[in-house]
Amino acid sequence: MAESMKKLPDELQFATAAHVQYIQSLDTKRDEYEYWLTEHLRMNGLYWGLTALHILRHPEALPREETINFVLSCQQDNGGFGAAPGHDAHVHSTASAVQILAMIDALDELETRGKGKARVCEFVAGLQNRETGIFAGDEWGEEDTRFLFCSLIVLSILGRLDLSDTAKAADYIVSCANFDGGYGAHPGAESHAAQIYTCVGSLSILGRKELIDEDRLSRWLSERQIPGGGLNGRPEKKEDVCYSWWVLSSMEVLGKTRWIDRDALIRFILQCQDTEKGGISDRPGNMVDVFHTVFGITGLSLLGYPGLEEVDPVYCMPKATIERIFGPTS
């Protein structure tokens, strides 16, 4: 693949240095309205940026101690983490916080300077509906498969899946399956590529992949590729770089990435770069953001693009991080 990439025109070469600088610049824009408008995404944004930097092989590009300080400043008394200091705890922010600490090998900071791993796990486990198996996102009770997945990420990384009813969690995911092989946010909801990722990822963590109708689901996922090479999240929708992750990660777990035109998808992602200022957008010519940047980069990693670290298709972190936590994976 490296040789074929060298033959691409300059505007389709991967702009590693520009992407690193773009991510580094994100926390320097505190005088801009958009910075404060997105405060509710601050923890997630840090996870997205840090993951991108690790896959780009520049993990040192964000200061480690400042990263740890920010994460711990967002922990609440109940053990969960908010999106920013003073925000209510939510399982999505908590998952990002744990993933950040895992990537920079700082999970022990939860014990030495935080409120302890046990408190984090108690917060997450307490969000599970013990009758249905689904998890809420926070104390206000909104439930769907995204929050189930985030909860399993946290509990598995911290080694406390035993605090949840894993059998009922798996049963709930099965109840969200549709005739097309996909999964929705809850039983009866439309199949959507991002929700499919959360369900496939959850069943992978639970060791229950045999519950997936692999061929039917893989067929539906492969049909997400449109003529321009990009992937969409549902039938009749436009392509979007973020589905380079949501679709491809599930196909990687299922061993079916060969079912799409890989070269066409690589070209589509590269067309969405800002090669001068860095960052990746949803479609060519649009404004870049860190969300699409990380999922474009992790998509390229799954596609075997040269010069990138391998990404784990379930946890969306470097494989090296996952192997450090759980041991070598097959």
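This is a predicted model: local features need pLDDT of at least 70, side-chain atom pairs count only at pLDDT 80 or more; totals for chains, interfaces and linings use all residues.
Residues are numbered from 1 along each chain as its sequence is written. Local features need pLDDT of at least 70 and side-chain atom pairs count only at pLDDT 80 or more, while totals for chains, interfaces and linings use all residues; side-chain values use heavy atoms, with hydrogens and water left out.

Rolling a probe the size of a water molecule over the atoms shows where empty space is left. A pocket is an open set of points on a 1 Å grid over the protein atoms alone, where a 1.4 Å probe fits, with protein on both sides within 12 Å along at least five of seven lines; lining residues have an atom within 4 Å of a point. The largest pocket holds about 1200 Å³ of space, a volume being the space filled by probe spheres set on the points. Its lining has 38 residues, of which L26, D27, Y35, R42 and V290 are the closest to the centre. Helices (H or I, at least four residues) and strands (E, at least two) are DSSP runs, numbered from the N terminus. Helix α4 gives the most to this lining, six residues, and β2 (288-289) is among the elements that supply at least two. By class, the lining of the largest pocket has 18 nonpolar (Ala, Val, Leu, Ile, Met, Phe, Trp, Tyr, Cys and Pro), 11 charged (Asp, Glu, Lys and Arg) and nine polar residues (the others, Gly among them).

The second largest pocket contains about 480 Å³ of space. Of its 23 lining residues, H92, R146, C150, T198 and W246 lie nearest the centre. The largest share, five residues, comes from α9. The lining of the second largest pocket has 15 nonpolar, seven polar and one charged residues.

T132 is placed in the loop between α8 (117-125) and α9. Beyond its neighbours within four places in sequence, T132 is in contact (heavy atoms within 4.5 Å) with K168 and Y172.

Zero disulfides (pairs of cysteine sulfur atoms within 2.5 Å) are found in the whole structure. The sulfur of C74 has its closest cysteine sulfur in C150, at 16 Å, too far for a bond. For C199 the closest cysteine sulfur is that of C176, at 5.5 Å, also too far for a bond. C74 is buried at 0% relative accessibility, and C199 is buried with a relative accessible area of 0%.

Notes
Buried means under 20% relative accessible area, exposed over 50%, partly exposed in between (1.4 Å probe, protein chains only).
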